[in-house]
Structure formats: C-alpha cells, structure tokens
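Hi everyone, thanks for making time for this one.

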Amino acid sequence: MAKLSWSFIALLLFLSLSFTLDVSNVNLSLDLFNQCKPACDYRCSATSHRKPCLFFCNKCCNKCLCVPSGTYGHKEECPCYDKWKTKEGKPKCP
C-alpha cells in the first residue's frame, strides 16, 4: 500500500513539474507522450529504412522535445536535434 501511495505522489510531482518547465521555442517543443510519435511517423515516412529512422527520431525527440518539419532537412529548426552526433561524428537524429 505504501508503495502505491509513493508512486502516485511521484507521478503527481512529475506531472506538476512538467507543466512548469520553460521551453524557449514553444512552437517546436513537443509533448513527449502525445506528439513525438506522430511527428516521427511523418519525419520517417519517406525513407526506406523506416524502423531505425523511427527509433532514432523518437530517441532524439524524447531528448530534444522537438522534431524538424518535413521528411528531410530543416534541422536548423531544432538545434539540439541538429547537434547530437554519434561517436563517429555523424548526425544521430534523422
């Protein structure tokens, strides 16, 4: 019973803090749970490598809270998405 109540309190605290975060670019910031998946579905719709594209797009969206518009390019719209690189120095986000 105590676990349940602490979990519930933690969830409420997380939700209340998520509404108070200040995001500098409100138009491009996405709600993790509601908008990352559809934004990445569209972003990866034109590629033949859909499964890895969706994996990395969702990972980038969860970290950066934005996905550039279109199916390719426009990464300057989301600096975090644009600057995240692999160990080899290649772009991590599609």
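If we number the bonded cysteines of the protein in sequence order, what is the pairing? Reading it off, we get 1-7, 2-5, 3-4, 6-12, 8-11 and 9-10. Please keep in mind that this is a predicted model. A search of the whole structure turns up six disulfides, and I'll walk you through three of them.

Let's begin with Cys-40 and Cys-57, whose sulfur atoms sit 2.2 Å apart in a disulfide. This pair links distant parts of the chain, with Cys-40 in helix 2 (residues 32-43) and Cys-57 in helix 3 (residues 50-64), 17 residues apart. The link is left-handed, with -85 degrees about the S-S bond. Cys-40 counts as buried because its relative accessibility is 0%, and Cys-57 counts as buried at 0% too.

Next up, Cys-60 and Cys-93 form a disulfide with 2.0 Å between their sulfur atoms. Cys-60 lies in helix 3 and Cys-93 in the segment after helix 4 (79-83), so the pair ties together parts that are 33 residues apart in sequence. The torsion about the S-S bond is about -95 degrees, so this disulfide is left-handed. Cys-60 is buried at 0% relative accessibility, and Cys-93 is buried at 2%.

My last pair is Cys-66 and Cys-78, joined S to S at 1.7 Å. Both Cys-66 and Cys-78 are in the loop between helix 3 and helix 4, 12 residues apart. Here the link is right-handed, with 55 degrees about the S-S bond. Cys-66 and Cys-78 are buried.

Thanks, everyone!

Definitions and conventions:
Residues numbered from 1 in each chain as written. Predicted model: local features only at pLDDT ≥ 70, side-chain atom pairs only at ≥ 80, totals over all residues. Heavy atoms only, no water. Disulfide = S-S within 2.5 Å. Helix = DSSP H or I, 4+ residues; strand = E, 2+ residues; numbered from the N terminus. Buried < 20%, exposed > 50% of the residue type's maximum accessible area, 1.4 Å probe, protein only.
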